[in-house]
Amino acid sequence: MAELICIIPARAGSKGLINKNIQNLGDRPLIFYTIDAIIESGLCENKNILVSTDSIEYKNLIECNRDVSVLIRDEKLAEDDTPTSAVLLDMLRKYDDTTEFMLCQPTSPLRTSKNIQEAYALFLEDKTRPVVSITKSAKPYELFTELGDNNKLLDIIGCDKNYRRQDKKDMYYPNGAIYISTKKQYIQDVSFFTQNTAGYIMSKKESIDIDDKYDLIEASAYL
């Protein structure tokens with residue numbers, strides 16, 4: 001059976017909410033929700049839960065409270081514009097091509113161990129296709145527009161222009177909670193998003209993504 005590793009990227013820098021990955025949510029720092037959900041899923045050994053960070057503070061906090069692997073990434077992989085793909089490719093170098101890996105971002109605290117198990121089960125149905133967690137959009141894409149000069153709404157449509165919500169197809173977006181692939185497949189595509197990617201549907205509550213203090217307040221309300 002192929003080895004599964006779970007990667008949690010946790011860079012310290014954040015403009016929307018300073019040190020958001022270790023902000024307290026309920027009874028513990030934000031990142032602990034992701035670590036605990038992976039542990040509770042029982043899908044991989046604790047040593048294969050890999051937190052990638054550029055912060056000694058994060059490393060000490062996690063290692064003193066959770067039995068997982070914390071890796072300090074190279075400075076060149078901790079810039080504001082460093083893509084997640086660069087971090088993943090660097091971490092995957094020492095693993096075999098058959099290695100399965102799951103990326104779980106620490107900003108999705110309400111993702112559950114059951115979500116992780118179900119997404120992985122979907123992946124096991126066909127390992128040639130990546131799996132990405134998704135959420136049903138509350139608003140159809142037709143209602144979105146750009147804002148031009150002088151606050152002009154570009155290509156806007158509304159209820160008085162023959163728009164009927166019930167006639168529109170359900171739309172989904174990636175919620176950032178779970179991504180799964182194999183090393184071989186990821187190196188080939190350098191992305192989880194391919195013509196063959198499968199979507200694992202999560203509820204709106206489970207899909208809360210912490211980007212600013214208002215997201216943190218919303219998550220706290222659910223808790």
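F101, Y179, Y186, F192 and F193 form one aromatic cluster in this predicted model. The structure holds 6 aromatic pairs, and two of them are set out below.

| Pair | Centre to centre | Angle between planes | Type |
|---|---|---|---|
| Y179 and F193 | 6.2 Å | 80 degrees | edge-to-face |
| Y186 and F192 | 4.9 Å | 45 degrees | tilted |

Y179 belongs to strand 10 (residues 172–182), while F193 sits in the loop between helix 5 (183–189) and strand 11 (198–202), so their pair ties together parts that are 14 residues apart in sequence. Y179 counts as buried because its relative accessibility is 11%, under the 20% limit. F193, at 49% relative accessibility, counts as partly exposed, since exposed means over 50%.

Another ring has a charged neighbour: R28 lies over the face of Y33, 3.9 Å from the ring centre.

In soluble globular proteins, nonpolar side chains tend to be buried together. Here the largest nonpolar core has 32 residues, of which V51 and M102 touch the most other members. Strand 1 (4–9), helix 1 (30–41), strand 4 (49–53), helix 2 (56–65), helix 4 (113–125), strand 10 and strand 11 each give two or more residues to this core. Leaving out residues up to four places away in sequence, V51 touches I8, A10, I31, I35, I62, V68, S69, V70 and L71.

Definitions and conventions. Residues are numbered from 1 along each chain as its sequence is written. This is a predicted model: local features need pLDDT of at least 70, side-chain atom pairs count only at pLDDT 80 or more; totals for chains, interfaces and linings use all residues. Side-chain values use heavy atoms; hydrogens and water are left out. Rings of Phe, Tyr and Trp (its six-membered ring) pair if their centres lie within 6.5 Å; planes under 30 degrees apart count as stacked, over 60 as edge-to-face and the rest as tilted. Helices (H or I, at least four residues) and strands (E, at least two) are DSSP runs, numbered from the N terminus. Buried means under 20% relative accessible area, exposed over 50%, partly exposed in between (1.4 Å probe, protein chains only). A charge sits over a ring if NZ of Lys or CZ of Arg is within 6 Å of the ring centre and within 35 degrees of the ring normal. A nonpolar core is a set of buried Ala, Val, Leu, Ile, Met, Phe, Trp, Tyr and Cys residues joined through side-chain atoms within 4.5 Å. Contact means heavy atoms within 4.5 Å.
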